[in-house]
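I open this notebook to record what I looked up in the structure.

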Amino acid sequence: MREPVRKCQVDVMGEGSVEKNRDVLRIFALSVRKILEGLDLDFGKLQEIRLRVGMPLILLYDNHEYLVDKKIVSREEINETVEYVCNYSVYAYEEELRQGFVTVQGGHRVGFAGKIVCENDRVKSIKNISFINVRLAHEVIGAANVILPYVYDKGFPMHTLIISPPGCGKTTILRDLVRSVSEGNAYAKGMTVGVVDERSEIAACYMGIPQNKIGMRTDVLDCCPKEKGMIMLIRSMSPKVIAVDEIGQSKDIEALKYVAGCGCKLFVTVHGTRLEDIKSKPFLQDTVKDEIWERYIVLDNVGHVGNINSIYDKKGIRLK
Amino acid sequence: MFGIKACGIILIIVASSGIGFSISNIMKLRLLELAELKKLILMLRGEIKYIGTPLGEAFGVIGRRTKGIYSTLFQDTEKELEKLDGKNIADIWKEQMETAQMIKKSHLSDNDWKWLLNFAQNLGYLDKEMQLGTIELYMEQLESTLAEGNRSYGKNSKLCKCLGISAGLLLTIVFL
């Protein structure tokens, strides 16, 4: 169903946050950028911008999809956008392109699809990029307030696994949880937090400096593989809590077990829709059986993105 | 009368010798600038090969590390690249080379500039291997230009100086 984008109301939001999100327009080809600037968008509600060669420009805005009137995206515009996303330096983003996405300044994720070049069963590169999806990161201060009472036990944080489908706010919740634990809150004083930010989405570091609010006692390993980063942080920064986003591979789980064995607490997110999904995941199910996780927090987007669907303890007993 | 003539002779010899020495000096400065450029391109290779720094950032780092004539070119290019305003990297580089006042102060030859312009046209494109290949190719070009320049400098420098002095003496004889 075609819903043309019309002039939108500018919502009241933190000015810094709006400005930061508005900056994302810089990565688009000049012609696309002018159209988007002309829409007077509320960047707090803008979730995704999709470009496909020969197809209309599509926005996901306030959970609704909109086609931008009469704008058909051309090959040149896609190429120009890729050039800007990679800062004119495709070589510097080889690894990210292999994974299919690049995180740009502000923590926004730009996904690519096109023709995949394989070598020895390994993705070597991606060429003829024809599809781009820009997912805007939203920093929501206070998003984790609801779960704070559940992640502490007598003032000490607990191993927490945040379970959420894509696009339901797990990174936003994790980021705010990191900020709150680092700064201190009503349940405990501030403590050292280490973040392994493999995709630069949590802290959104630019030139090594976090662009998001992640707390004054937080150390960040930016663009570092999770399994290596967790162990590096333990050895170098002695954090009380380590936070990582989107675990899933066997090597991540090995590192998690190592960290848990070091007396350091974990805040981790994973893709899933309910606790049962985790129990059936090949590598994660061991951690559930071993009762490593003291809290499971399940998110969905019922009513709003980042809705807390349920919270469980380590035995799987529902607390909320 | 003799005093005036003597002064004229001295002036003619000094002026023509000065021209000879000046040409020789320009040749020397060109070689120094080429050597500096080679050093900067080596730094660029290091930034790309070992750190994977994007071009804009790498240009900025290099520009800030040199005080020579290339500082403006590299730093201004970084600023232009950050604007992301619809130009490709070759156009930006060309513009910067043309607009930078340093060109007027530079002692590089037209060919040296042409090579530098060609070098930038393939930057940023494709993978790291391609970048390093482009840089290697340009490095080879620079090295051969430098080697040739050094060879001809030894020979031509003396020639220019001698010609300058000789021309001065010849003019003196003619005017006398």
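I began with A:Ser89, which I found in the loop between helix 3 (75-85) and helix 4 (94-99) of chain A. Helices (H or I, at least four residues) and strands (E, at least two) are DSSP runs, numbered from the N terminus. The model is predicted: local features need pLDDT of at least 70, side-chain atom pairs count only at pLDDT 80 or more, and totals for chains, interfaces and linings use all residues. Residues are numbered from 1 along each chain as its sequence is written, chains are lettered from A and ligands numbered from 1 in the order in which they are written, and side-chain values use heavy atoms, with hydrogens and water left out.

I noted A:Ser89 as buried because its relative accessibility is 0% (buried is under 20% relative accessible area, exposed over 50%, partly exposed in between; 1.4 Å probe, protein chains only). Leaving aside residues up to four places away in sequence, A:Ser89 touches B:Pro54, B:Leu55 and B:Gly124 (contact: heavy atoms within 4.5 Å).

I next turned to A:Glu77, in helix 3 of chain A. A:Glu77 counts as buried because its relative accessibility is 8%. Its side chain makes a polar contact with that of A:Lys71 at 2.6 Å (a pair of N or O atoms within 3.5 Å; within protein, one must be able to donate a hydrogen and the other to accept it, and residues adjacent in sequence count only if both atoms are side-chain atoms). I also recorded that A:Glu77 and A:Leu319 are 242 residues apart in sequence and 50 Å apart in space, C-alpha to C-alpha.
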